[in-house]
Amino acid sequence: EHPDVMLLDIEMPRMDGYELARHMRHSPELRGIPIIMITSRSGEKHREYALSLGVKRYLGKPFQEAILMDTIFSVLAETEAETGATV
């Protein structure tokens, strides 16, 4: 099974979030999974790069749980509207 949404950080062991996002977007099985990046790197260049890789939303740390939940529901609703699939 595949997740409905993926939460990534830029800084992860072995493979950073950018690499994983790039891999997911090039994988036929994973390309449709929306990605939300949550990171301490709040610079505009980091945000723009993540979005250019197909990341749907970019949240800075620390974040409010309510904002994260709103973001997840928003991304899932967009994905459902785009694909017509219920998530």
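Reader: How many helices and strands are there in the chain?
Author: The chain has three helices and three strands, taken as DSSP runs numbered from the N terminus (helices are H or I with at least four residues, strands are E with at least two). This is a predicted model, where local features need pLDDT of at least 70, side-chain atom pairs count only at pLDDT 80 or more, and totals for chains, interfaces and linings use all residues. Residues are numbered from 1 along each chain as its sequence is written, and side-chain values use heavy atoms, with hydrogens and water left out.

Reader: What pattern does the chain follow along the sequence?
Author: The pattern is β-α-β-α-β-α.

Reader: And which way do β2 and β3 run, parallel or antiparallel?
Author: Strands β2 (residues 35-39) and β3 (residues 57-60) run parallel, joined by four bridges; strands pair if DSSP finds at least two bridges between them.

Reader: Which residue in β3 is the bridge partner of Thr39?
Author: That is Gly60.

Reader: New topic. What share of the 87 residues is buried?
Author: Buried residues are 34% of the 87 in the chain (buried is under 20% relative accessible area, with a 1.4 Å probe and protein chains only).

Reader: And how big a box do the C-alpha atoms fill?
Author: Roughly 35 × 30 × 20 Å, along the principal axes.

How values were computed:
Buried < 20%, exposed > 50% of the residue type's maximum accessible area, 1.4 Å probe, protein only.
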